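Q: I have this model open and want a quick walk through it. Can we start with the metal site?

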Amino acid sequence: MPKPMHRSRSMKRLKRVTRTGKNVIHYRRAKPSMPHCAICGSELNGISSSGGRTRRTNSRKFGGVLCGGCTANVIKLGSRVENGEMKLDEISIRQKAYVLQLLAH
Ligand SMILES: [Zn+2]
């Protein structure tokens, strides 16, 4: 049984064969993953790859949550709903959450 500290899934397991032919498992801390867009799932631009709590992000609306294209779409849909050109029911459920956030402000 591995040590409790090695049972975490944030530890990468590397299978290695020693010179004596023994199979051993080496553990490494997994690298933090890049943040992704909450709608389309693409990797977000303009965010540093390193750093945890102090990681830099962009300061626009939905910065660090949505990618630029999806933010533009959400703002477009938000103004259409505000002007009565579109109904909330016509928007996909993922975009709707952010359109509602936009309209609440
Ligand atoms: Zn996106």
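Q: Which protein atoms are the donors of the zinc ion?
A: This is a predicted model. In it, the zinc donors are the SG atoms of Cys 37, Cys 40, Cys 67 and Cys 70. They lie 2.2 to 2.3 Å from the ion.

Q: What arrangement do the 4 donor atoms make?
A: Tetrahedral, because the angles they subtend run from 101 to 114 degrees.

Q: What spacing do the donors follow along the chain?
A: The spacing is C-x2-C-x26-C-x2-C. Cys 37 and Cys 67 both sit in the loop between strand E2 (23–29) and helix H1 (68–82), so this pair ties together parts that are 30 residues apart in sequence.

Q: Are those two, Cys 37 and Cys 67, buried or exposed?
A: Cys 37 is buried, and Cys 67 is buried as well.

Q: On to the core. Which residues touch the most other members of the largest nonpolar core?
A: Cys 37, Ile 39, Leu 66 and Val 74 do, out of 16 residues in that core.

Q: Take Val 74. What is in contact with it, leaving aside neighbours within four places in sequence?
A: Ile 39, Phe 62, Leu 66, Gln 95, Tyr 98, Val 99 and Leu 102.

Q: Phe 62 is on that list. Where does it lie?
A: Phe 62 is in the loop between E2 and H1. Its relative accessibility is 13%, so it counts as buried.

Q: What about the phi of Phe 62?
A: Phi there is near 60 degrees, a positive value in a residue other than glycine. Most residues other than glycine have a negative phi.

Q: And where is Gln 95?
A: Gln 95 is in helix H2. Gln 95 counts as buried because its relative accessibility is 16%, and the cut-off for buried is under 20%.

Q: What does Gln 95 contact, again leaving aside neighbours within four places in sequence?
A: Ile 39, Asn 73, Val 74 and Leu 77.

Q: Stay with H2. Which of its residues are buried?
A: Gln 95, Tyr 98, Val 99 and Leu 102. They cover an arc of only 105 degrees around the axis, so they are on the same side of H2.

Q: Why would residues at such steps point the same way?
A: An α-helix has 3.6 residues a turn, so residues three or four places apart point the same way.

Q: What is exposed on the other side of H2?
A: Ile 93 and Ala 104 are exposed there. As for the buried residues of H2, what covers them includes H1.

Q: How far apart are the end C-alpha atoms of H2?
A: They are 17 Å apart. At 1.5 Å a residue, its 12 residues should span 16 Å, so the two values agree.

Q: Now H1. Which of its residues are buried?
A: Cys 70, Thr 71, Val 74, Leu 77, Gly 78 and Val 81. Their arc is only 130 degrees around the axis, which puts them on the same side of H1. These buried residues pack against H2.

Q: What span should H1 have?
A: The 15 residues of H1 should span 21 Å at 1.5 Å a residue. The end C-alpha atoms are 21 Å apart, which agrees.

Q: What comes just after H1?
A: Gly 84 is there, with a positive phi of about 80 degrees.

Q: What does His 6 touch?
A: Met 11, Arg 13 and Tyr 27, not counting residues up to four places away in sequence.

Q: And Arg 7?
A: Arg 7 is also in the segment before E1. Arg 7 is partly exposed, with a relative accessible area of 42%. Its C-alpha atom is separated by 42 Å from that of Asn 73, 66 residues apart along the chain.

Note on methods: Residues numbered from 1 in each chain as written. Predicted model: local features only at pLDDT ≥ 70, side-chain atom pairs only at ≥ 80, totals over all residues. Heavy atoms only, no water. Donors = N, O, S within 2.8 Å, 3.2 Å for Na, K, Ca; no water. Tetrahedral: all angles 85-135°; square planar, octahedral: opposite > 155°, others 65-115°. Helix = DSSP H or I, 4+ residues; strand = E, 2+ residues; numbered from the N terminus. Buried < 20%, exposed > 50% of the residue type's maximum accessible area, 1.4 Å probe, protein only. Core = buried A, V, L, I, M, F, W, Y, C linked by side-chain atoms within 4.5 Å. Contact = heavy atoms within 4.5 Å. Expected span 1.5 Å × (residues − 1). Arc of directions from axis to C-beta.
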